[in-house]
Amino acid sequence: MQTATQIPTDVSFLEYRKYKGIFNWILSTDHKRIGLMYLYSMMTLFFVGVALGLAMKLELIAPGKTIMDAQDYNAVFTVHGVIMIFMIVIPGLPAVFGNFLLPIMIGAKDVAFPKLNLLSWYIYILGALLVIASVLFGNGTPDTGWTFYAPYSFKSGTNLLPAIFGAFVLGFSSILTGLNFIVTIHRMRAPGMTWLKMPLFPWSLYGTAWIQLLATPVVGITLLLIILERVFGIGVFDPALGGDPILYQHLFWIYSHPAVYVMILPAMGAISEIIPTFTQKHIFGYKAIIGSTLAIAFVGYFVWGHHMFTSGMSGTAQYTFSILTFLVAIPSAIKVFNWISTMYKGSISLQTPFYWAASFIFIFMIGGLSGLVLGALATDIYVHDTAFVVAHFHFIVFGGVGFSFFGAIHYWFPKIWGRMYDTKWANTGWLVFSIGFLALYSPMFYLGMQGMPRRYYDYLEEFHAANILSTLGSWVMTFGLVIIVINLVRSAKHGPKAEMNPWNGKTLEWTVPSPPPVENFEEIPVYGEKDGPYEY
Amino acid sequence: MSNEKHHIVPYRTYIFVLLALIVLTFISIAITHIELADYTVAGALILASVKTFLVLTFFMHLKFDKPYMRIMVGFVLAVFLAVIIITFLDYYYR
Amino acid sequence: MIHHDSHYDPEASKIGMWLFIFTELLLFGGLFIIYSVYRFMNPDAFHLAAKELDTTIGAINTIILLVSSMTVAMATSAIQNKNIKLTQILLGITVVLAIVFLVNKYFEWSAKFDHGIFPGSEHLINDMSKGEILFFGLYFVMTGLHALHIIIGMAFIIFVMVFVAKKKVHPERYALLENSGLYWHLVDVIWIFLFPLFYLIT
């Protein structure tokens, strides 16, 4: 049996080489390398998604055809959505920061099933390649929207089979990661680290993992049924064969709504780590945040119908979903209150991660409040399927997951690469990005209320000015993105060496070297009576 | 190595459970001859649920496992049931 | 209670298998949701379509799976009792029963195909009502997916038999056997619901 003593403890995980060259990465079961492989593959796919988004905004800079016609526009927003949702924001923080940090933060050497972890990444890459294949080969890029609604998804002549199958495969990656994290948290916490001494980022990963585990299979079977429809003509959602397209929507959103909590819970978890460190104060309401996390995960299963208010559901379903939607907003509000309360009378350190965290709260609240407009039946009827919805989910998903991701990467950067980035460029990048972000998405609220539909490549002349502002915003935001990425990439290689605990954090990752050795700890830490996270 | 007590279930227990399951199977077939109208589905589902309970408890060892295992299973079933019920809020009231 | 240096944590493996079972429950759960909605909307058509299915074969298959669940559960007790020979016999019986189940399924499906009942067939589309078409679509998808899981479960158990023979699974290390058994019970539970919902609504 392999023993731990074979791996040196004074060599960082980046320097430890078991194989030659690239095999050190693609054959590695080290959770830290797997987390970075997710990061690098996701960055690549993210830029493809950004390019598609920029193409859409360029098309929308003026009414009528600008650079593409309707069919191409439909294909662009479909692939943009599939990449961003299934390959970026759903794996998002769990795949990158969860993989890298979860074992360290709970005092473990690795996750429960390291080989399964590597398999999850392989499956992710396979799914991504399948989706890309649907664009490059066959009868035309899918044009159904990332939601693949029936009946068009089985009638469309475009190359849907690899795209849908790719999404199906990506689901397995998500499920296996969730499974791994649940077992890891149950079985591998350090001695003395009871559940109520575990930091909040692992807690958020726990809640998220349950959603990944229980919700993803439902979309799995739904997508499989679309595939079976296209291949064998099994018409479960086909009205001509007695099926109900609304049932497809039910099953699709039974997953896809909990999926947004997969996106946001770890994002909130990271914020809950950043804020105590940069206010040098114990988080306000530790237990309330845990309770809210679990409440969001639980109630989030029961609100999916708010995506379907205008579909033809019964009135009873409509108002039930509306009430539940309002309920699920409450725990999120509790978290915001707790974050702000942590800052109050704290010793605030204005560093890059804190800027991202503070602006996260601002942007996320805008997104969340706009969700109330959508959750109320009377107002939803006017804004459903308009640019208002597009603004809402970009504020809450891109604003939420994105800002938190950038905050997290600037927070844990010194730990991961053992170097520091240039703070001035990082802050400049944050500022430019945020201004561009607001300029890009805020006009969409206005446009939606005025009636501009979503997923249209054309619009009425009265919407022109706001669209110009939005497109300009996309360029400014991208410029900010470029600044941020170049700063980080350069600093990872050439930045000044970082110390073990540059921010005076109180969680376990700050007690190991930067970068950590392969097995994280020389000796597994033991938590005493008085120990715990955020003990300032 | 784990220091947990390894509870060994006697073969006899499993045989009794199987006999119970077979009896329940025959009962479910038999009641199809009784005209239950609206309660046909309920009858079938109740019997299937009892059989499932026996499989979960004995064959799948839940009775002898730590309590958190039973809690997890119960939780998952509860979520699934809630989802079906809410889905029917649409179809039943259309 | 928590293991750091040991690479063998049977409780972790058990939790892992249960979690995987939960995903399978939700996977089939989606299909059961579809079934319940369409049955609710087409009660008479479902009743009519179900008459095409042979209750006897369905009942035999049900008994087969129940017995196989017992044998695989007994196999765990057998290995705990250090009775390797009995373990292998019980696992072998489980596999044989699984094969019989699949053979029965093959005959059932062949009979349907011979009568022109299969997805996309003319008889289905032209002669049957929408409710009946839905019934058979669900029948083929659900029993087909279930059969796929029987094959996966069988593969697990065969693997275990090989590992037992190679002494990689033994009385001090049998999580693989126990968890493969858990998976097999899941396959049984799914059928416990499929049987009445498809065969017994006459």
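Me: How many residues does the contact take from chain C and from chain A?
Reply: In this predicted model, the contact takes 31 residues from chain C and 32 residues from chain A. Two residues are in contact if their C-beta atoms, placed from the backbone, lie within 7 Å.

Me: Which element of chain C gives the most to that side?
Reply: Helix 1 of chain C gives the most, with 15 residues. The elements that give two or more residues there are helix 1 (10-41) and helix 6 (130-165) of chain C. Helices are DSSP runs (H or I, at least four residues), numbered from the N terminus.

Me: How do the residues on the side of chain C that touches chain A divide?
Reply: They divide into 18 nonpolar, 9 polar and 4 charged. Ala, Val, Leu, Ile, Met, Phe, Trp, Tyr, Cys and Pro count as nonpolar, Asp, Glu, Lys and Arg as charged, and the others, Gly among them, as polar.

Me: And how many residues of chain C are in contact with chain B?
Reply: 37 residues of chain C are in contact with 30 residues of chain B. On the side of chain C that touches chain B, helix 1, helix 3 (55-80) and helix 7 (175-199) of chain C each supply at least two residues. That side has 24 nonpolar, 11 polar and 2 charged residues.

Me: Now chain A. At roughly what angle do the axes of helix 2 and helix 16 cross?
Reply: The axes of helix 2 (residues 31-59) and helix 16 (residues 464-494) of chain A cross at roughly 155 degrees and come within 9 Å. Axes are lines fitted to C-alpha atoms over the stretch in contact, with angles from 0 to 180 degrees between N-to-C directions. Helix 2 of chain A is therefore roughly antiparallel to helix 16 of chain A (angles over 145 degrees count as such).

Me: Which residues meet there?
Reply: A:Val50, A:Gly53, A:Leu54, A:Lys57 and A:Leu58 in helix 2 meet A:Ser470, A:Thr471, A:Ser474 and A:Thr478 in helix 16. By class, this contact has 3 nonpolar, 5 polar and 1 charged residues.

Me: Where in chain C does pLDDT stay under 50?
Reply: Over residues 1-5 of chain C. pLDDT is the predictor's confidence in each residue, from 0 to 100. Chain C averages 93, and 97% of the residues score at least 70.

Me: What ipTM and pTM does the predictor give the complex?
Reply: The ipTM is 0.94 and the pTM is 0.95.

Me: What conventions apply?
Reply: Residues are numbered from 1 along each chain as its sequence is written, and chains are lettered from A and ligands numbered from 1 in the order in which they are written. As the model is predicted, local features need pLDDT of at least 70 and side-chain atom pairs count only at pLDDT 80 or more, while totals for chains, interfaces and linings use all residues.

Key
Parallel < 35°, antiparallel > 145°, perpendicular 65-115°, else oblique.
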